[in-house]
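Try each one before reading its solution.

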Amino acid sequence: MSHTTTVKALIKDKQAIKAAARELGLDLQTNVSPRLYYNHQHPEKSDFVLKLKGRYDVGLDKQSDGTYALAFDAHGGDVFNQCGNNKVMGPSRAVAKFVQTYAKHAAINAATAKGYMVSGT
């Protein structure tokens, strides 16, 4: 039985990915395979990997449209405990805290790129 979950999100700003990982205290690595329950669940290397404490990681894999999909193993709660949010329903619940933090940094980056000043972050 596979535990692999893939969440497609509008994640495409590499700097916001790095900032979100840094804010959440997560180790972000590049071009490595995420740890999942079975080694064969995700045999290819991910563009980015959130190396988590515990047994499993979150891989961010670039899609043909330029966005990144998040691949992870939700078994046992390791991913949820470090990246999750109880107030979100569905499969994205396990990575909601990371996605929300990413969205904040992507919005800040987009605003500053257009010349706006951003404060209070």
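**Exercise 1. Find how many aromatic pairs the whole structure has, and classify the pair of Tyr37 and Tyr38.**

Solution. A search of the whole structure gives two aromatic pairs, where rings of Phe, Tyr and Trp (its six-membered ring) pair if their centres lie within 6.5 Å. Next, take Tyr37 and Tyr38: the ring centres are 4.6 Å apart and the planes stand at 85°, so this pair is edge-to-face (planes over 60 degrees apart; under 30 is stacked, the rest tilted).

A word on the source: this is a predicted model, in which local features need pLDDT of at least 70, side-chain atom pairs count only at pLDDT 80 or more, and totals for chains, interfaces and linings use all residues. Residues are numbered from 1 along each chain as its sequence is written, and side-chain values use heavy atoms, with hydrogens and water left out.

**Exercise 2. Decide whether Tyr37, Tyr38 and Asn31 are buried, partly exposed or exposed.**

Solution. Start from the relative accessible area: buried is under 20%, exposed over 50%, partly exposed in between (1.4 Å probe, protein chains only). Tyr37 has 40%, so it counts as partly exposed. Tyr38, at 33%, is partly exposed too. Asn31 reaches 51% and therefore counts as exposed.

**Exercise 3. Work out which residues Asn31 touches, not counting residues up to four places away in sequence.**

Solution. With contact meaning heavy atoms within 4.5 Å, Asn31 touches Lys45, Ser46 and Asp47. For Lys45, the separation from Asn31 is 14 residues in sequence and 5.5 Å in space, C-alpha to C-alpha.
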